[in-house]
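Me: I want to learn how to read a protein model. Could you take me through one, feature by feature?

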Amino acid sequence: MTETFEAYRTRVLSYLGDEEPIGVQQAAPSELDRRLRDVAPQELIRRPAPEKWSIAEIVAHLADAELAMGWRLRNMLANPGVALTWWDEAAWAERLGYAQQDASLSAGVFRALRESNLRLLESVPRARWVECYGVHEVRGWQTVEEFVRLEAAHDLNHLRQIDRILGGCM
């Protein structure tokens with residue numbers, strides 16, 4: 001059964017709790033690097049189940065999700081009320097060959113894009129985070145502030161997923 005967006009949102013935001021979303025986002029690239037350190041190449045590409053992503057696929061997804069986030073943030077800040085299209089992450093994973101991506105290269109892309117997005121957010125007064133929004137074709141009306149919180153929760157969700165694949169040793 002596919003999880004609804006509302007169920008997903010509730011679940012991942014529970015991981016964030018009262019943590020500061022920007023702090024979580026700042027820490028995520030280092031947390032990811034820590035998890036990838038010393039992991040055997042065959043472990044990076046091993047799927048825990050046929051329908052579940054490998055670590056390499058998760059990291060490629062994080063890089064592309066950060067690309068999408070940057071595009072959305074810039075659109076919402078420059079054009080409040082902009083229509084935001086949904087992207088099919090499963091189609092991207094399959095069609096863009098996430099399973100064949102080098103996890104360390106994907107982690108580097110994730111880090112660079114995250115740093116760029118955080119610099120942008122630091123340059124924008126927090127009041128604008130609430131004023132600027134997009135209308136997502138699946139999620140509806142969402143502010144920059146909501147996207148920032150959800151992206152931090154998204155990070156925590158995928159770090160937990162990697163931990164499970166690695167046997168909880170992180």
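**Reading the pocket, the sheet and single residues**

Me: Start with the largest pocket. Which helix gives the largest share of its lining?
Reply: Helix α8 does, with 8 residues. Helices (H or I, at least four residues) and strands (E, at least two) are DSSP runs, numbered from the N terminus. A pocket is found on a 1 Å grid over the protein atoms alone: it is an open set of points where a 1.4 Å probe fits, with protein on both sides within 12 Å along at least five of seven lines, and lining residues have an atom within 4 Å of a point.

Me: What should I know about the model itself?
Reply: This is a predicted model, where local features need pLDDT of at least 70, side-chain atom pairs count only at pLDDT 80 or more, and totals for chains, interfaces and linings use all residues. Residues are numbered from 1 along each chain as its sequence is written, and side-chain values use heavy atoms, with hydrogens and water left out.

Me: How many residues line the largest pocket, and which lie nearest its centre?
Reply: The lining has 31 residues, and Glu3, Tyr8, Arg11, Glu89 and His158 lie nearest the centre. At least two lining residues come from each of α1 (5-16), α4 (55-78), α5 (89-95) and α8 (144-165).

Me: What classes of residue make up the lining of the largest pocket?
Reply: Sort them by side chain. Ala, Val, Leu, Ile, Met, Phe, Trp, Tyr, Cys and Pro count as nonpolar, Asp, Glu, Lys and Arg as charged, and the others, Gly among them, as polar. Here the lining has 13 nonpolar, 8 polar and 10 charged residues.

Me: Now the sheet. What is the order of its strands?
Reply: Two strands pair if DSSP finds at least two bridges between them. This open sheet of 3 strands runs β1-β2-β3, with mixed pairing. β1 (82-84) and β3 (140-143) are the edge strands, each pairing on one side only.

Me: Which pairs of strands run parallel, and which antiparallel?
Reply: β1 and β2 (residues 133-136) run parallel, joined by 3 bridges. In that pair, valine 82 has glycine 134 as its bridge partner, and leucine 84 stands opposite histidine 136. β2 and β3 run antiparallel, joined by 4 bridges. They form a hairpin with 3 residues between them. Across it, valine 135 stands opposite tryptophan 141.

Me: Is serine 54 buried or exposed?
Reply: Serine 54 is buried, because its relative accessible area is 1%. Its place is in the loop between α3 (41-44) and α4. Contact means heavy atoms within 4.5 Å. Leaving aside neighbours within four places in sequence, serine 54 is in contact with Leu44, Ile45, Arg46, Arg47, Pro48 and Ile165.

Me: And aspartate 38: buried or exposed?
Reply: Aspartate 38 counts as exposed because its relative accessible area is 77%. It is found in the loop between α2 (21-36) and α3. Phi of aspartate 38 is near 65 degrees, a positive value in a residue other than glycine.

Methods: Buried means under 20% relative accessible area, exposed over 50%, partly exposed in between (1.4 Å probe, protein chains only).
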